[in-house]
Amino acid sequence: MRNMQLKVSRNLVLFLFALGVLAGCTDLGVLVDRDDYISYPRDIHAAWSPDGKWIVYRHEDYTKYDSTYPNGLYLIDPAGNNRRLLLEGEGVLPAWSPNGQWIAYTDGVLFVMNVRLKETRPLTDFLTFFPTWSPDGMKLAFDTPFQDPRGANVIWIINADGTGLRDISQHGVGEWRMPAWSPNGSIILHTRYLTGVLGQEIYLMDTSGQAPVRLTYNGSDDRYPKWSADGSMIAWTMLPPRGTFEVWIMKNDGTQQKKLTNGTHPSFSPDSRTIVFSDFNLAKNKIVLWRIDVDGRNLKQLTH
């Protein structure tokens, strides 16, 4: 009976997940950022491996089916070479474990995958987004509408073996989303949509959900925050009220905010010197991966 319940629950989750994608629901974090982006082939959700040898990303093309490059999770090296399929299907939002042996991702529910064996197992049977590992590899944080009376997304934590599920958010005050665990393990970077606040802003809090510190006050939508590996910097995507998507960086206390380039979904290299991100190749009508140094130099296209 329990297995039947889990099967029914997972089928419902996948239906809701697919419905959100087909409806162009950018709030799910599954799309790049704009409703019409689904009309383009795209490489998104890049994440650098802890040893710096690989970048995992999501490739999808809903304009046609290409048997040589199907939708799924892929690995490439930092030069953009040696592409290989890691997981075919609808897996999105990949996140490396600190030891590089596992990748967490969502396919409606939260999964972890052994990178070497390509074996996967679910950790939840409810809708989840934006998994992030604790630096000791023992826990994951993510956001989910699970059990919120209004269906708002808030942040939960779970042990890497699927036990110890706990809600660390407040309810009824808006949404808490897109968590990113700090390298020292004491802070969770995240975004909040708060009642009465224009746009999505970036916050810090401790791992119990307390001691909030607001970092952005710009009236724009601030999304997809990520730590540098040394914990000194934060990169994120800013969407101004009238403008395109931009990659910004700042110090970990919110100071020295500056635009780096146009694009979205930034991820730092393990040496904290380079960022990989997604942006258009306008000549080819594709969204592809790029890399750039944190000083704005050495822009390079990685996928084609």
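**Charges, rings and the overall build**

Guide: Let me start at one residue: Asp295 is partly exposed, at 48% relative accessibility. Keep in mind that this is a predicted model.

Visitor: Which residue does the side chain of Asp295 meet in a salt bridge?
Guide: Arg297. The N to O distance is 3.9 Å.

Visitor: Is Arg297 buried or exposed?
Guide: Exposed. Its relative accessible area is 58%.

Visitor: How many salt bridges does a search of the whole structure find?
Guide: The search gives 9. As a rule, side chains of opposite charge can pair when their charged atoms come close.

Visitor: What are the closest N and O atoms doing in the bridge of Glu60 with Arg58, how far apart?
Guide: They are 2.8 Å apart.

Visitor: And are those two buried or exposed?
Guide: Both count as buried. Glu60 has a relative accessible area of 2%. For Arg58 the value is 0%. The cut-off for buried is under 20%.

Visitor: Which residues are linked with Arg58 and Glu60 in a network of salt bridges?
Guide: Arg42 and Glu90. The four form one network.

Visitor: What about Asp61, which side chain does it meet?
Guide: Lys64. That salt bridge is 3.0 Å from N to O. Asp61 is buried, at 10% relative accessibility.

Visitor: Changing topic. How many aromatic pairs are there?
Guide: The count is 10. Take Tyr105 and Phe111. Their ring centres lie 5.4 Å apart and their planes meet at 10 degrees, so this pair is stacked. The cut-off for stacked is under 30 degrees.

Visitor: Are Tyr105 and Phe111 buried or exposed?
Guide: Buried, both of them.

Visitor: Give me another pair. How are Phe126 and Trp156 arranged?
Guide: Tilted. The centres are 6.5 Å apart, with 50 degrees between the planes.

Visitor: Where do Phe126 and Trp156 lie?
Guide: Phe126 is in the loop between β8 (119–122) and β9 (129–133). Trp156 is in strand β11, residues 154–159. The pair therefore ties together parts that are 30 residues apart in sequence.

Visitor: Which residues form one aromatic cluster with Phe126 and Trp156?
Guide: Phe142 and Phe146.

Visitor: Which charged end sits over the ring of Trp176?
Guide: That of Arg192. It is 3.7 Å from the ring centre.

Visitor: And what lies over the face of Trp102?
Guide: Arg121, at 5.4 Å from the ring centre.

Visitor: Zoom out. How many helices and strands are in the protein?
Guide: There is 1 helix, and there are 24 strands.

Visitor: What share of the residues is buried?
Guide: Of the 304 residues, 54% are buried.

Visitor: What about the accessible surface, how much is there?
Guide: About 13,500 Å². Carbon and sulfur atoms hold 52% of that.

Visitor: Last one. What share of contacts comes from residues 24 or more positions apart?
Guide: They account for 35% of the contacts with a separation of 6 or more.

Conventions
Residues are numbered from 1 along each chain as its sequence is written. This is a predicted model: local features need pLDDT of at least 70, side-chain atom pairs count only at pLDDT 80 or more; totals for chains, interfaces and linings use all residues. Side-chain values use heavy atoms; hydrogens and water are left out. Helices (H or I, at least four residues) and strands (E, at least two) are DSSP runs, numbered from the N terminus. Buried means under 20% relative accessible area, exposed over 50%, partly exposed in between (1.4 Å probe, protein chains only). Contact means heavy atoms within 4.5 Å. Accessible areas come from the Shrake-Rupley method with a 1.4 Å probe; for residues, only the protein chains shown count as cover. Rings of Phe, Tyr and Trp (its six-membered ring) pair if their centres lie within 6.5 Å; planes under 30 degrees apart count as stacked, over 60 as edge-to-face and the rest as tilted. A charge sits over a ring if NZ of Lys or CZ of Arg is within 6 Å of the ring centre and within 35 degrees of the ring normal.
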